[in-house]
Amino acid sequence: MRTLELLRSFTDRELAEMDKLVASGKRKTLHTLYNELKKYRKKGGIPSSEELFRAIYNKPYTTAQSYLLRNELRLLNDVFYDFMIVPKSCTS
């Protein structure tokens with residue numbers, strides 16, 4: 001899962017910044033997905049679609065609704081990519 005691989009690539013300092021960025025967003029579902037994926041950051045393996053869908057929407061997962069989960073993952077990837085691309089101000 002690309003989203004989890006990106007999340008695992010962040011340092012602890014970057015992750016703290018990402019926490020603030022995602023928490024300040026308008027989408028509660030994106031924040032929930034981010035927190036669920038953070039649980040797997042240091043673990044092996046990846047979460048199942050069913051597990052993520054239930055955590056985000058509090059409903060059973062169906063393949064007909066898989067587009068909802070894919071969309072949330074895409075949006076979270078966009079946040080990650082923007083974070084990696086946009087230059088950060090030098091605070092050190």
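Biologist: Is phenylalanine 53 buried or exposed?
Modeller: Phenylalanine 53 is buried, with a relative accessible area of 0%; buried means under 20%, with a 1.4 Å probe and protein chains only. Mind that this is a predicted model, where local features need pLDDT of at least 70, side-chain atom pairs count only at pLDDT 80 or more, and totals for chains, interfaces and linings use all residues. Residues are numbered from 1 along each chain as its sequence is written, and side-chain values use heavy atoms, leaving out hydrogens and water.

Biologist: OK, how many aromatic pairs are there in the whole structure?
Modeller: The search finds five. Rings of Phe, Tyr and Trp (its six-membered ring) pair if their centres lie within 6.5 Å; planes under 30 degrees apart are stacked, over 60 edge-to-face, the rest tilted.

Biologist: What about phenylalanine 10 and phenylalanine 83?
Modeller: Their centres are 5.5 Å apart and the planes sit at 90°, so that pair is edge-to-face. Both phenylalanine 10 and phenylalanine 83 are buried.

Biologist: And which residues form the aromatic cluster?
Modeller: Phe10, Tyr34, Phe80 and Phe83.

Biologist: Switching to helices: at what angle do H3 and H5 pack?
Modeller: About 80°, with axes 10 Å apart. Helices here are DSSP runs (H or I, at least four residues), numbered from the N terminus. Axes are lines fitted to C-alpha atoms over the stretch in contact, with angles from 0 to 180 degrees between N-to-C directions. H3 and H5 are therefore roughly perpendicular, a label for 65 to 115 degrees.

Methods: Buried < 20%, exposed > 50% of the residue type's maximum accessible area, 1.4 Å probe, protein only. Helix = DSSP H or I, 4+ residues; strand = E, 2+ residues; numbered from the N terminus. Parallel < 35°, antiparallel > 145°, perpendicular 65-115°, else oblique.
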